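Colleague: I am new to this structure and would be grateful for a guided introduction. May I put some questions to you?

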Amino acid sequence: MKRNLISFFASSLNGGQRRWHWVVGILLGLLFANTLFLLARRYGFGCSLNAYDLCTQSVFYQASVLLHSLLGILLVLAAIGFVVLHIPQNLDAARARRRMPITGLSVVITLAVLLGSGIYFLFNAKTGDLHWLYNAHLAAAAVIVLLYFGHRALARPAQAGAVLGGGVLAAVTVAAVLIGIEIAVAPAAQAPGPTAAAPTPAGGGYDSPTAVSPEHPFFPSPVTLASGAATIPSAQLLAVPPTAVEQIRQEVKDKGFASSVVIGAEQCDRCHPDTVAQWASSAHRFSSFNNPFYIATLEYLRNSPGEPNAFVERHLTKFGLPKEATNRVKSRFCAGCHDPLLQLSGRMVNEVDKGSVEAQGGLICLSCHAIAEIPNHTGNGNYVWNDQFKDSYIFADAGGGLGAWLHDTYLKANPERHKADMLKPFYRKSEYCATCHKVALEPEVNDYRWLRGQNEYDNWHSSGVAHNAARTFYLPPKVRQCQDCHMPLVAAPLGDLAAKGGKVRSHRFAAANTALPWLRGDTQMVEETERALRNNALRLFIAGVSGPDGTIVSLADGAPHEITPANDRIELHTVVRNLGVGHTFPGGTNDSNESWIEVTAVGPGATYSAGALDGSGHVIENTRIYNVVLVDQKGRRIDKRNAHEMVAPMYVAVIPPSASDLSRYSIPLSALGDLSVGTTLKVRLLWRKFNRTYSDFAYAANRPGFAGLAAPPELPITEIAAVTLSIKRDGDRVVVQAQGPAGVTAADLLQDYAIGFLRQGDLKLAKQVVDEVLGLEPACVNCLRTRARIEVEEGQFKAARATLTQAEQSAPGDPQNAWLWAQVLVEEGDLGAAEGAVDAVLAAFPQDRMALKLKARIAFLDGRFQDSLAALDEALVIDAEDTTAHYYAMLAYRALGNTGQEQKAEAAYRYYKADESAQQATLALRQTDGDANLAAQKIKVFTLK
C-alpha cells in the first residue's frame with residue numbers, strides 16, 4: 001500500500017511538483033475527513049433531534065466549521081501552486097492520453113466552483129435563497145474527489161483503486177475520531193429552562209385576565225421574565241452595551257433625545273444593515289424617553305400626587321417602596337411596551353436618568369426578538385421575555401475585530417439556530433402585535449374600573465380584513481395580517497443578509513406618526529409615512545347634495561347636475577371610505593390624533609370654510625374631525641393623553657375597516673358672490689399626528705425634550721386626498737359638478753354613499769341611494785345586502801326576504817347572505833332555519849365572534865342552554881373581555897340552575913360592562929364645547945363660515 005501510495009503521488013512528477021502534490025493530497029484528505037464529520041453531526045449522527053442545536057453549537061463543532069474554511073482556502077492555494085507547475089511540464093504527456101486534459105480541466109473547474117461558493121459563504125449567509133448554492137458546494141466536493149482520482153488513474157491505473165479505498169477509509173476513521181471527541185466534550189442535552197407563569201390576577205370579585213397581582217415585580221404590567229427573576233442587568237438586555245455613552249448624553253442635552261447611536265442594534269447591524277437602518281427611523285425605536293411627547297404624558301402621571309389604592313398599597317408594602325412611589329409604580333403599566341429597558345432592569349420605579357442608555361434605547365432589537373411567549377391575546381404588554389437566552393455562537397461577546405468576524409462567519413454558515421431564536425412563528429401573526437396594540441385600563445391603574453383603551457387588534461380581528469366578519473360591507477379577496485401592511489417587503493440595497501429576492505420586511509413600521517420623524521428632521525421617514533397614508537388607504541369623494549324636499553341628487557357620476565337650493569343654501573355630502581386600513585381610521589391614541597375634513601369656498605373678499613386652522617394652529621370649530629373625545633370624572637376633556645383619568649367617551653368618531661363615513665355641510669350660496677361666473681369648492685382630508693392642544697401641552701410640560709425648538713412644534717399636516725366641486729348659476733338654476741376619484745365606478749361610490757347614510761341611521765336616504773345604484777347594477781350583491789340591512793333595521797322582514805332572495809341569485813350560498821338571513825329568521829322565530837344560516841356563516845368564518853354569539857342566543861331561545869354555553873366558550877376564547885358573551889353565559893347558567901358559574905359569569909359581565917352613569921360626566925363638556933357637542937350627534941350638519 002505504501003509503495004502504491006508513493007507511486008500514485010509521484011509518477012511523472014518532478015521534485016517540485018511532488019512536494020506540491022503531497023501537500024494537496026494531505027489537505028484534500030483532511031478536508032474530506034472534516035467534511036464527513038460536519039455532515040455526520042449536522043444530520044444527526046450522535047445527536048438526538050432535541051439536542052440538534054447543542055450538536056451544532058458546541059465550540060468544537062463551530063471550530064471545525066471555521067477550520068473547514070481555512071483548510072479549503074489552503075487547499076485552493078496549494079492546488080493553484082501545483083497546477084502552475086504541473087500543466088506546462090506535463091502538457092505533452094497529457095496530449096498522448098486524450099482524456100487526461102479533460103479530467104484535469106474538470107478538476108480545475110470544479111475547484112473553481114468550490115472556491116467561489118466557499119468564499120461567497122464566508123461573506124454571505126446561507127439563507128433559503130442559497131440552498132441551491134450550498135447543495136452545489138457539497139456536490140462539487142464529492143465530484144472533485146472522483147475527478148482527481150480519475151485523472152490520476154489515467155497515469156497509474158493499478159494503484160488508483162487501492163489509494164482511493166485507503167484514502168476514504170482513512171478519512172472516515174479520522175471523522176469518526178472527531179465525532180467521538182466532539183461527543184465527549186459537547187455539553188449534555190438539556191431541556192429548555194422553565195418559563196415563568198403569567199402573573200396571578202389581583203382578585204376583587206372577578207379575576208380579569210389583564211389584571212396583575214400586586215406581588216408581581218413589574219405590577220401593574222403583566223410583562224414577565226422567563227426565569228421568574230424580578231429584574232435583569234441592562235447589559236444582558238442590550239446584548240452589546242454601546243460605547244458612545246457620552247455622545248448619547250450630549251445629544252439628549254442638545255436636542256432632547258439621542259438619535260445618532262443605534263442603541264441595542266450594534267451587533268445586528270453587521271449582518272442586517274437595511275433592517276437596522278429602517279428601524280432607526282421607526283416610531284418603535286423612539287418609544288421611550290427619546291420621545292419628548294411620550295415623556296410629557298408619562299411624567300404627568302408619574303409626578304401627579306395621589307393616594308395608593310389597595311392594590312398599589314399591597315405592592316408598596318411587598319417591595320418596601322415609599323408611598324411617594326405610587327404613581328411611578330402605576331407608570332410601569334406603560335413601560336412594558338414603551339420602556340422595556342427601564343422596566344426589565346427595574347429602573348421605572350425610581351427617578352429616571354433621561355440621558356442614560358436605557359432611557360434612550362426605546363424598543364431595541366431584542367425587545368421584540370427575545371420575546372419567548374405570549375400567554376394570551378389581552379394585550380397590555382402581556383409577554384414573557386427570554387432572559388435565559390444566550391448567543392451560543394463562538395466569540396459572541398466580541399464587539400469587533402477578528403473575534404467578531406469569526407462569530408459572524410460561523411453564524412452565516414449555520415444560521416438555523418439564530419433564525420429559530422430571533423424569528424419565532426408567532427412573529428408573523430397579528431396576535432403578536434396585539435401584545436402592545438390592545439390596551440385595557442384596570443382599577444389598579446385608574447382607581448376606577450375596567451375601561452377599554454386603544455384596540456387595533458380586535459378592530460382588525462373582528463373585520464372582513466381578517467375574514468372573521470360575515471357582516472362586513474366589503475370582503476377583501478384575502479386575509480391580511482398587520483405585518484402585510486406595516487412590514488411590507490422593501491428593497492435591501494445595503495446587502496442585508498436576511499433578504500430574499502433582494503427584499504426584507506420593512507422595519508420602519510410606517511403607519512401614521514409624522515410627528516417624531518419631523519422632530520428629528522427625518523424627511524425620508526415623513527415621506528414614507530405620508531405615502532402609507534395615501535397609498536390606497538382612504539377614498540374621499542363628493543357624493544351628492546340634498547334638495548329642499550330632502551331628496552338626494554347624487555354626484556357620483558362626475559356629470560353636471562341641476563339642483564334647487566333651499567333658502568339659498570345647499571347641503572353638500574362628502575364620503576370617506578376606509579379602503580385599505582385594516583383597523584379603524586384613525587387608530588391608536590385618538591384622543592390626541594387628529595384627522596379632519598376641510599371644506600373651502602372663496603367668495604368676494606372672503607373665504608368660507610369648515611376645517612381651517614385659526615391663528616394659533618388649532619382646527620376651528622364646526623369641523624368634521626375623526627378622533628375620540630374623552631372626559632374625566634369632573635367632565636374635563638382628556639387632552640394630555642392622560643388615559644388613567646378617563647371616565648367616559650363623549651363620542652368616538654372613527655371609520656371601521658371596509659366601511660364609509662358621511663359628512664354634511666351647509667353652504668351659503670349668496671356668500672359666494674356672483675355665481676354666474678362660477679366658483680370652485682375644495683374638499684380635503686387632512687391628517688396631523690397630534691392636535692395642537694396636545695403638542696402645546698407636551699412642549700410646555702417637557703421643554704428639555706424639545707431642546708432644539710424655540711417654540712411649540714408646528715407639526716406637519718398631510719393631505720391624504722382632495723376633490724373639488726364646481727358651482728355655477730344659470731338664471732334660476734344652479735349647476736354643480738363633482739370631481740370624482742379616478743378609476744372608480746359610479747355604482748361603487750353610490751354604495752359607499754348609501755353605507756354612510758345607513759351608519760348614521762338615516763334609513764330613508766340610505767334606501768334612496770341604494771335603489772339608485774341597483775338601477776345601475778341590478779345584480780350588485782353588495783348593494784342588495786346593503787338594502788337588506790336597511791330593511792332589517794326598518795323591521796321590514798318580508799321586504800328583506802325578497803331582497804335576500806335576489807342576492808342569493810347573484811351569489812348562491814354566500815355566507816354573507818347567510819348572516820342576513822339569520823337576522824331575518826331569528827326575528828321571525830324560525831330558530832332552526834336561523835341556526836342553519838349561522839352554521840353556514842361559521843363554516844366560512846369560524847372565528848366570527850358575532851356569529852358565535854348569535855348561535856348562542858338562538859340555542860338559548862330554543863332552550864338548549866349547554867349548546868348556548870358551548871358557542872359562548874368559543875367566543876370567549878377569541879375575546880375573554882366580551883361583555884355580551886359574559887351576559888349570555890350568566891343567563892344560560894341561571895337557566896341551568898348552576899349558581900356558582902352564574903355568579904362568576906355575572907361578576908365578569910359587571911366587570912366589563914360600561915358604567916351607565918359615567919355619561920353624566922360628559923354633560924359639562926357638552927354645555928361648554930359646542931363643537932364637541934355637535935360632533936357627538938348621530939346626524940350633524942357643519943356650516944361653512
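Colleague: How many helices and strands does the secondary structure of the chain come to?

Modeller: This is a predicted model, in which local features need pLDDT of at least 70 and side-chain atom pairs count only at pLDDT 80 or more, while totals for chains, interfaces and linings use all residues. Residues are numbered from 1 along each chain as its sequence is written, and side-chain values use heavy atoms, with hydrogens and water left out. Helices (H or I, at least four residues) and strands (E, at least two) are DSSP runs, numbered from the N terminus. On that basis the chain has 38 helices and 21 strands.

Colleague: What percentage of the residues of the chain count as buried?

Modeller: Buried means under 20% relative accessible area, exposed over 50%, and partly exposed in between (1.4 Å probe, protein chains only). Of the 945 residues, the buried part is 53%.

Colleague: How many bridges join strand β11 to strand β17?

Modeller: Strand β11 covers residues 569-578 and strand β17 covers residues 660-668, and the two run antiparallel. Arg569 has Pro668 in β17 as its bridge partner. The number of bridges joining the two strands is 9.

Colleague: Is Ser546 buried or exposed?

Modeller: Ser546 belongs to strand β8 (residues 538-546). Leaving aside neighbours within four places in sequence, Ser546 is in contact with Thr551, Ile552, Glu571 and His573. Because its relative accessible area is 15%, Ser546 counts as buried.

Colleague: How many salt bridges does the count come to?

Modeller: A salt bridge is a side-chain nitrogen of Lys or Arg within 4 Å of a carboxyl oxygen of Asp or Glu. One of them joins Lys330 to Asp447, with the closest N and O atoms 2.7 Å apart. By this rule the count is 51.

Colleague: How many residues apart are Lys330 and Asp447?

Modeller: Lys330 is in helix α13, whereas Asp447 is in the loop between α21 (443-446) and β5 (451-455). Lys330 is buried, since its relative accessible area is 4%, and Asp447 is partly exposed at 45%. The pair links distant parts of the chain, and the separation is 117 residues.

Colleague: Which residues are linked with Lys438 in a network of salt bridges?

Modeller: Lys438 forms a salt bridge with Asp879, the closest N and O atoms being 3.8 Å apart. Asp879 is in the loop between α34 (865-878) and α35 (883-896), and Lys438 is in strand β4 (residues 438-441). Both count as buried, Asp879 with a relative accessible area of 9% and Lys438 with one of 1%. The residues linked with Lys438 in the network are Arg452, Asp458, Arg849, Asp879 and Glu881.

Conventions:
Contact means heavy atoms within 4.5 Å. Two strands pair if DSSP finds at least two bridges between them.
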